[in-house]
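Trainee: I am new to this one. Can we walk through it together?

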Amino acid sequence: MLFKKYGQTIQTVLKLNCMEKSIVDEKIYKEEHSKNKKDKYKFSRKRVALITVAGLLIVIAILGGAFGCYALGVNFAKTVITLKVDDTFQVMEGFGASSAWVYQSLGIYDNEELKEETVEMLYGDSGLGLNTFRYNIGAGGAELDLYKDKLRGAESFFIADRFNGDYAVFSDVNNYDFTRDKGVIDLFEKALALGNIKEVVFFANSPHYLMTQNGKTHSDEKKQNNLKPECYDAYCQYLLVIVDYLYTNVVSKYDPSITVRISPVNEPQWDWGGEDASQEGCHFDPKDLAKFYDVFNKKLTDYNESKSLNFAMDIFESGNYKMRDVKAKVQTYIQEFAKYDWFDELDGISVHSYGVNLEDLARVRFHNYVKNIYDGLDVRVSEYCVMQGGVDSGIDMGIYSAKVILRDLGIVNAVSWNYWLSVSTYDYEDGLVYWDGADGISVTKRYYAMGQFSRYITQGSVRIRADYNDSFGFNGVDCVAFKRPDSSIVLVVINDSNRDKDIKIKGGYENIKEIVTTQDKNWVTAEYVYDGYITAPAKSIVTYIMTQPISEED
């Protein structure tokens, strides 16, 4: 009501200001026909400018007063969150992270207890409970020793010595050595054995170097398409041979019903070339990428029919989804894909949140674009990390990361959300678990922040509407809510203010289990019966699991 009231006041001031300007303009018109019209016109223009500036200052003052009063009010008043269980959005598939880079080294490290503990922290019930495993199919960059950080050039299963100039050799499983990449496979099996993984995404950053224009796992020039057009078919066969082996001999051993997706291309918009190239990557222009996907879709369809399987094509791992990023060209890529019949058969597209961070407007634009033009197309956030040097263990970084997840779920309607590196050794904000290269592992508040979502928003949970009385974000509270398959409600609340926040729940449930992460607490639980409000501590991420509907009078 306060903003409605002040909004009307502001409108009135603007109208009066416009009327005043109109009167002055009429006088100016008459003065133009006087003897000294030139000088008087200049004088009148100055007067118009002064009046306009004065009017704007009044508007700013009123806005400032309104915002200040409102901010003061919400700082001490209870926040009201209204849950509407019948107003539903996306159905969640789950949460995950990538096996890239560090898994190669950690997997061969001689400390089984350390490896088992790390995998439990990621995929186990006592850890994050991640249900999506992203397996990186290496392109052979490690064999070429191209990168200063050798882990960024992954080992390939294909035996390069078997290549005789005929690309048909890539379709023969006998030309592959599956004792390679054994460190990653070992950790993969340990994760599968825990029983929580429901989806595996096999993704590649580059085609095998024998298929590229320059014989490397990145191009010589920036933004250069590096996959030879004559190798489209060979690259498809290469991927299918590898995935077939890993599914048959690893995945299905634990659970043959696990969903399998194959992602042949990762972040096709970016440079992936030049002297400063530091990892495997391959650029594709929009039309070329659409042509490749057309070939891959046909090969995958034939493969599925021959094996009675249902592996899915995962596209297009966009570097970000910012509609107005001229480098990303999100619309251009999607428009090229949409020219092919197979696009209508996709159940979703994968994107990354790099560079979007906390921008609500970028998310709204992307969501509206997908919804209005490609309604029914799910969105998966398949990568994100905070692009920042150093490893910040503070709660502010945890809250920041939680806000990214919350916004991707609540605005983009992401059906799954994946962090970039599950394990990192770098002095960078890119990992969930940090390994010191020896016998030590550690985590930051980002780990616990992700767990506030991944541990409790189970597969099959449906997002429900959660309205709260803080449209301008003054009180530091954000929230997102889901109804789980067992009908309980999961409400995740972020309180980024320096005060505890009393929150009234409308439409919620009575019996509450509370899980809290603050600077001094990690996943601390408590149980109680709702008595009129819940309290989110200052600088916290809190998950509320609610059962038993609250009576109407509450």
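**Strands, helices and cover**

Mentor: Start in strand β19, where Ile 541 is the bridge partner of Ile 494. This is a predicted model, in which local features need pLDDT of at least 70, side-chain atom pairs count only at pLDDT 80 or more, and totals for chains, interfaces and linings use all residues. Residues are numbered from 1 along each chain as its sequence is written, and side-chain values use heavy atoms, with hydrogens and water left out.

Trainee: How many helices and strands does the protein have?

Mentor: Both are DSSP runs, numbered from the N terminus: helices are H or I with at least four residues, strands are E with at least two. Counted this way, the protein has 19 strands and twelve helices.

Trainee: In which sense do β14 and β19 pair?

Mentor: Two strands pair if DSSP finds at least two bridges between them. β14 and β19 (residues 540–549) have seven bridges. Their sense is antiparallel.

Trainee: Which residue in β14 stands opposite Phe 482?

Mentor: Look at strand β13 (residues 477–483), which is joined to β14 by seven bridges and runs antiparallel to it. Their hairpin has five residues between the strands, and Ser 487 there takes a positive phi near 75 degrees. Opposite Phe 482 stands Val 490.

Trainee: How many of the residues of β14 are buried?

Mentor: Buried means under 20% relative accessible area, exposed over 50%, partly exposed in between (1.4 Å probe, protein chains only). In a regular strand the side chains alternate between the two faces of the sheet. In β14, Ile 489, Leu 491, Val 493 and Asn 495 are buried on one side, and Val 490, Val 492 and Ile 494 on the other. For β14 (residues 489–495) the count is seven of seven.

Trainee: Where do the buried residues of α9 lie around its axis?

Mentor: In α9 (residues 330–337), the buried ones are Val 330, Tyr 333, Ile 334, Glu 336 and Phe 337. They cover an arc of only 160 degrees, so they lie on the same side of α9. The arc is that of the directions from the helix axis to the C-beta atoms. Their cover, by contact (heavy atoms within 4.5 Å), includes α8, β7 and α10.

Trainee: How far apart are the end C-alpha atoms of α11?

Mentor: The expected span is 1.5 Å times one less than the number of residues. Helix α11 (residues 395–410) has 16 residues, so it should span 22 Å. The model agrees: the end C-alpha atoms are apart by 22 Å.
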